[in-house]
Amino acid sequence: MKDHLRRMKALIVKEFVQILRDPSSLMIAFVLPVILLFLYGYGVSLDAREVKLGVAVQDQGKEADHLAAAFLASPYFRAHLSRDERILEQELMAGRLRGLVVIPEDFSRQVEKGAGLGRLQVIADGSETNTANYVQNYAQGVVATWWAMRQRDHAVDKQSGPQLLTRIWFNPELESRNSLIPGALAIIMAIIGTLLTALVVAREWERGTMEALMATPVAIAELIIGKLIPYFILGMLAMLGSVAISVVLFDLPFRGSLPALLLSSGAFLLAALGQGLLISSAAKNQFIAAMVAMITGFLPAFLLSGFIFEIASMPPMVRALTHIIPARYLVTNLQTLFLVGDVWPLLLPNVFILLLLAAVLFFLTARKTVKRLR
Amino acid sequence: MPAASLVIENLTYSYGKQLPLALAEFSATIRPGIVTGLVGPDGAGKTTLIRLMTALLLPSTGSIKVFGLDTRTDASQLHQIIGYMPQKFGLYEDLSVLQNLRLYADLQNVTGTKRQQVFQRLLTFTGLEPFQGRLAGRLSGGMKQKLGLACALIRKPRLLLLDEPSVGVDPVSRRELWRMVQELVDAETAVIWSTAYLDEAELCQKVLLLDGGRLLFSGSPREMTERVAGRCFQVQGISSNRRQVLSRALQQEGVQDGIVQGQNVRIVLRDGHAQPTLEVLEAGAEARLVPVAPRFEDAYVDALGGGPGGISALAAAMAPLSGDREVTVEAVGLTKRFGDFTAINDVSFAIHRGEIFGLLGPNGAGKSTTFKMMCGLLRPSGGNGRVVGLDLQKAPGKARSRLGYMAQKFSLYGDLSARQNLEFFSGVYGLTGVRQQETVTRMIDIFGLQPHLKDSAKDLPLGFKQRLALACSVMHEPAVLFLDEPTSGVDPLTRREFWTHINGLVERGVTVLVTTHFMDEAEYCDRIGLIYRGQMIASGPPDELKAQTATEQMPDPTLEEAFIAMLQQWDAKNEEAS
Amino acid sequence: MFNRIHALIIKELLALLRDKKSRIVLIVPPLIQLFIFSFAATQEVKNQTLAILNLDHGRPALTLEQDFTAASTFSEVLQLQRAEEIPAVIDQQQAIAVLWIPEDFSRDIEAGRAAQASFILDGRKTNAAQIVQGYALSILNSYRAKLINNGQQAGVSLVSRNWFNPNLDFRWYTVPSLVCILTTVIGLLVTGLSVAREREMGTFEQLLVSPLHPLEILLGKALPALLVAMIEGAFIVLVGVFLLRVPFNGSLLLLFGSMAVFLLAIIGVGLFVSSLSMTQQQAVLGAFMFLVPAVILSGFASPIENMPHWLQTISYANPLRYFMTIVRGVFLKDVSAAIVWSQTWPMAIIACVNLCAATWLFKKRME
């Protein structure tokens with residue numbers, strides 16, 4: 001037993017020295033997370049603000065002016081007014097406008113007549129599908145608000161009718177950063193756990209150090225644990241650092257507890273490391289290892305974890321696939337820990353599934369790795 | 001006689017059903033207390049055999065027992081008692097010398113006070129004591145191998161397996177490695193040393209000669225060497241061209257092997273054949289045929305059926321270069337500084353047309369730096385290098401189209417087939433159309449590449465890689481050939497074939513600059529420059545250098561002995577001066 | 001000169017395509033990405049669960065409940081009994097939102113008072129929450145219109161149209177974007193690894209001692225990459241149009257013309273990274289360090305207008321930004337040559353700068 005421990009310790013110390021000496025692993029562990037956090041903190045924002053919208057005011061009436069003013073005042077749009085619809089259409093074509101509101105000639109007359117909005121149109125650029133959705137929704141909103149104000153001012157109808165009071169829990173301002181950064185953290189951990197681990201083991205094969213290790217009394221389990229612990233610690237450090245940056249620099253709330261964070265991210269890292277080790281036991285060259293790690297680790301963490309793209313909206317086949325993607329569980333847990341708190345009935349089953357995935361991956365790795373060259 | 005430590009019975013190993021057997025019906029015993037040499041041409045199965053002994057590969061049929069442990073069933077106990085140094089030893093280059101030692105000590109369960117003693121002994125032993133904190137990646141080739149050996153020796157193994165430990169290592173370090181292993185061997189330890197250097201094999205108490213996965217010979221080197229006793233001669237006092245003498249000798253039916261040794265030519269006769277007459281060799285009036293003591297290498301070539309013939313089809317197909325013996329390669333005051341460190345200080349030499357110039361020197365002395373500056377890969381900090389009268393820095397394209405270059409690693413495109421490599425390199429040197437196709441076809445014929453034309457270069461046997469690399473570097477009929485350790489790790493037969501071509505090309509007027517660690521190879525050179533600590537400390541024909549270092553104790557030094565003596569003299573002189 | 005470059009190009013293509021593994025790496029990952037991405041990368045919101053707590057049994061309340069359950073966004077409805085259940089349902093993500101109709105809702109409506117229902121959303125999933133909120137408001141709008149119409153007045157209605165993508169099919173957006181991203185990956189990977197691989201193999205020195213001029217070596221690296229990436233791009237366009245059924249309305253000439261300019265810019269980056277790296281691992285990492293920010297700042301994941309101004313300024317140096325606009329425009333909008341040109345010339349400038357920088361670094365690192 002003493003021998004086991006000492007050998008493992010020696011392997012772990014060796015791994016740490018290598019990590020500290022190799023700039024590229026330090027880059028992946030500490031520089032890449034910072035870059036990713038900044039990009040997700042600033043670069044990716046799903047909150048539509050100042051969407052460029054053209055307003056074609058073909059009507060000279062007062063109501064048309066009021067409505068156009070309402071668009072100008074909206075924080076969601078940067079409105080460009082013009083009398084000529086064709087100019088705005090060309091701008092839409094060139095991608096300089098994302099949508100177009102056409103206020104038709106007889107608009108004011110129709111409204112004053114009490115005949116509703118007439119042929120008021122909203123045209124969105126469908127080639128920017130998501131933005132088109134916003135244009136439609138927010139334009140509706142602007143018109144509805146304007147209409148409600150007008151009704152009240154004109155006191156045509158005292159009845160207020162049904163109201164829907166919407167409240168958004170945990171993230172009242174719907175700050176998209178709040179849900180994107182937990183996703184970015186999952187990506188960072190997937191890169192460290194899977195890509196880096198797969199690369200360093202492949203490197204040992206390429207440099208011939210693995211062959212030398214194999215001929216010593218070291219056991220397979222010791223080799224695996226000797227890789228596992230250093231990268232586990234590295235991943236946890238990168239994680240804690242990233243959480244600190246998110247809270248301090250990006251003003252994210254953190255409403256969960258530290259033990260819950262450590263538990264969730266620890267369970268995820270085990271699964272990610274298991275995946276990295278499994279890849280490296282099959283791919284003994286760095287190029288192939290990097291490719292496989294990208295396809296099975298990084299891309300799913302990005303695409304199928306549900307942080308940008310809704311899992312529920314995916315076709316059933318893809319949705320089924322997401323169940324074996326560890327990042328999916330981590331994203332849910334992190335979003336909950338940042339924004340809600342320790343919701344154990346949600347967190348624990350996810351942790352359990354992650355541990356289960358890790359166990360399966362380690363089992364496969366141990367079975368695939370033999371102390372043999374081929 | 002002590003009991004056998006390693007028993008191999010009917011061992012067969014195959015890498016795949018389609019492939020020929022890597023080892024076939026192999027049986028041998030290896031006993032402790034001696035160093036057993038493992039020799040054989042490339043692809044003979046040496047590395048496979050060693051890996052089978054470490055239980056990193058398992059036999060297809062048959063068995064290997066190491067001190068009674070079967071490699072199939074007792075691998076974990078086996079790993080407790082072996083020390084293994086793979087071909088590219090698994091040093092962690094980003095760990096320091098001491099960190100590497102500590103790691104392997106922990107893995108080998110060497111702890112406590114014993115460990116300190118072992119470290120102390122190994123560090124002194126290897127001369128690495130002053131470099132404990134240096135990263136393994138920054139050590140010179142020779143020091144790396146010594147550290148590798150030290151790591152394999154931490155817990156004194158009962159079976160030590162060394163796979164070509166001396167490839168790319170200079171003669172001084174090679175001797176030290178050998179001494180370290182000799183000191184280790186006691187009655188209980190068995191050592192297996194695989195090598196392509198036959199002078200090393202000659203020092204082993206026992207050798208196993210493998211060819212094509214089969215055991216050709218097992219016994220003491222002397223026993224094998226005796227097979228060629230009385231058949232070895234040296235042609236001395238040659239006044240004509242010694243390369244032509246060799247070529248003529250090798251065309252004689254009775255001569256099965258021959259090499260250049262300085263000013264002389266060494267030949268080995270076929271069994272039962274008479275010596276050739278000196279008239280046939282046209283060696284000149286003073287020439288005489290002197291019987292010499294046989295060497296293991298002579299017996300090795302004999303056992304493998306003799307060396308290649310003496311005529312280079314490559315040279316025959318090449319038009320002779322016109323011109324006199326003017327200087328074609330010239331270094332004038334070459335200096336290279338990396339920051340504060342002066343790697344090369346004021347090195348000058350001139351090589352004439354049709355001359356072979358060898359650059360020798362220990363690992364890390366500046367040999368490669370000089371070489372790289374000469375072929376334009378490094379920009380000199382001072383002085384300049386000229387090839388066929390052109391400054392490489394000023395007219396690079398023009399100068400480069402006249403030179404051929406072949407590196408140690410045979411820089412071929414591994415993913416391209418043999419033919420595609422030929423087509424690529426001929427294209428790069430501006431050959432097109434019919435002329436290109438003709439040249440490629442000629443190369444294929446000359447080097448016998450036909451059977452491997454469609455194979456990827458990385459899958460070729462080492463010997464074919466070497467041939468292909470040479471073909472690629474001479475297709476454009478260069479006036480100057482730069483060879484960087486061209487036969488490192490290659491077996492003696494392939495090496496002979498290579499030098500037949502080089503000798504032939506030189507006779508056609510090609511100038512050759514070669515770096516090497518093989519003293520046999522250095523003997524082919526017309527002149528040698530010895531680089532040490534960034535300076536050229538001696539230069540001249542091999543025989544002259546030998547004569548310079550001859551003493552009473554050592555009246556007829558080998559080139560290797562001369563080489564070592566010169567380094568020692570230089571060190572002694574400099575110590576006095578400081 | 002032409003012959004030498006020809007030899008280099010043939011060599012580079014063979015090195016890339018002869019090995020089975022590298023052929024697979026060139027073809028399989030892009031296809032997997034294309035398919036998974038185009039199915040998975042949707043920001044639509046579908047198949048959501050809605051929880052309803054209806055404490056009122058009047059007709060207006062039932063109608064409102066039915067209007068919500070009928071909405072296509074919500075595939076499942078969870079009926080709640082008590083208000084105390086709400087926190088758990090939201091916290092544990094059993095539903096994206098809760099519609100809470102209080103006891104006196106119908107009474108207030110009938111009495112002409114302001115009737116109020118609550119709609120509580122899970123803010124963890126910002127995008128989904130935002131869109132569901134929009135749906136809820138429009139459901140309520142039409143509900144209100146129905147109420148008022150039953151009385152006497154015409155409702156507020158608005159004609160909405162989406163040009164170029166009438167049904168806002170997300171795949172029409174993803175596939176053109178993927179054409180850009182995948183050609184970037186290929187162009188970057190092929191050039192990024194090429195010099196580093198030759199350095200590791202030792203063949204680089206062999207090239208350097210040959211009569212090849214550094215520019216010839218660079219051209220020999222750039223042209224095959226351009227060719228491979230263009231073919232790969234064409235292949236992705238074909239798969240997108242014929243297998244994934246995305247319409248292609250514009251001009252192929254404009255698409256491939258601008259693609260060539262775009263790829264030159266990317267190849268410049270790849271060669272730069274490659275000249276800088278000593279090993280393939282460093283080259284992979286370097287390519288990665290460019291790729292991730294470039295994709296994020298391209299306007300693919302979120303519109304560039306949403307970024308802070310300093311980041312928008314930086315994104316002008318990102319060739320992907322222009323090419324995204326072009327490809328989407330050519331695919332769906334059939335944009336004119338003038339519009340394509342307005343996005344191409346900035347890429348041409350970037351390409352020049354990148355290629356010059358790569359050449360400079362390459363020459364500098366020759367030793």
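Author: Two residues are taken to be in contact if their C-beta atoms, placed from the backbone, lie within 7 Å. Among contacts in chain B between residues at least 6 apart in sequence, 72% join residues at least 24 apart. The model is predicted, so local features need pLDDT of at least 70 and side-chain atom pairs count only at pLDDT 80 or more, while totals for chains, interfaces and linings use all residues. Residues are numbered from 1 along each chain as its sequence is written, and chains are lettered from A and ligands numbered from 1 in the order in which they are written.

Chain B contains 21 helices and 24 strands, these being DSSP runs numbered from the N terminus (helices H or I, at least four residues; strands E, at least two). Its radius of gyration is 24 Å, close to the 25 Å that the globule rule gives for 578 residues, so chain B is as compact as a globular protein of that length. The radius is taken over C-alpha atoms, and the rule is 2.2 Å times the number of residues to the power 0.38. Along the principal axes, the C-alpha atoms of chain B fill a box of roughly 70 × 60 × 55 Å. Of the 578 residues of chain B, 52% count as buried; a buried residue has 20 or more other C-beta atoms within 10 Å of its own, again placed from the backbone, an exposed one 12 or fewer, and a partly exposed one a number in between.

Helix 9 of chain B, residues 242-251, is mostly covered, with 8 of its 10 residues buried. The buried residues of helix 9 are B:Arg242, B:Arg243, B:Val245, B:Leu246, B:Ser247, B:Arg248, B:Ala249 and B:Leu250. They pack against strand 11 (232-236), strand 12 (255-261), strand 13 (264-269), helix 10 (278-281) and helix 18 (492-507) of chain B.

Three of these partners also belong to a sheet. Strands pair if DSSP finds at least two bridges between them, and in chain B an open sheet of 4 strands has the order 12-13-11-14 with antiparallel pairing. Strand 12 and strand 14 (288-291) of chain B are the edge strands, each pairing on one side only. On average, neighbouring strands of this sheet are turned by 25 degrees against each other, direction ignored. Axes are lines fitted to C-alpha atoms, for helices over the stretch in contact, and angles run from 0 to 180 degrees between N-to-C directions. Within this sheet, strand 11 and strand 13 of chain B are joined in the antiparallel sense over 4 bridges, and B:Phe233 stands opposite B:Ile267 in strand 13.

A further open sheet of chain B is formed by 6 strands in the order 6-7-8-3-9-10, with mixed pairing. Strand 6 and strand 10 (214-219) of chain B stand at its edges with a single partner strand each, so one side of each is left without a neighbour in the sheet. Here neighbouring strands are turned by 15 degrees against each other on average, direction ignored. Strand 3 (residues 35-39) and strand 9 (residues 206-211) of chain B pair in the parallel sense over 4 bridges; the bridge partner of B:Thr36 in strand 9 is B:Lys206. Helix 5 of chain B (residues 141-153) lies across strand 6 and strand 7 (159-163), running at about 160 degrees to strand 6.

A hairpin is formed by strand 15 and strand 16 of chain B with 2 residues between them, and B:Gly339 in the turn has a positive phi of about 60 degrees. Strand 15 (residues 327-338) and strand 16 (residues 341-352) of chain B pair in the antiparallel sense over 8 bridges. B:Ala331 has B:Phe349 of strand 16 as its bridge partner.

The account ends with the neighbouring chain. In the contact between chain B and chain A, 25 residues of chain B meet 25 residues of chain A. On the chain B side, the elements that give two or more residues are helix 2 (75-81), strand 6 (82-85) and helix 3 (97-107). Helix 3 of chain B gives the most to this side, with 5 residues. By class, the residues of chain B that touch chain A divide into 12 nonpolar, 8 polar and 5 charged. Ala, Val, Leu, Ile, Met, Phe, Trp, Tyr, Cys and Pro count as nonpolar, Asp, Glu, Lys and Arg as charged, and the others, Gly among them, as polar.
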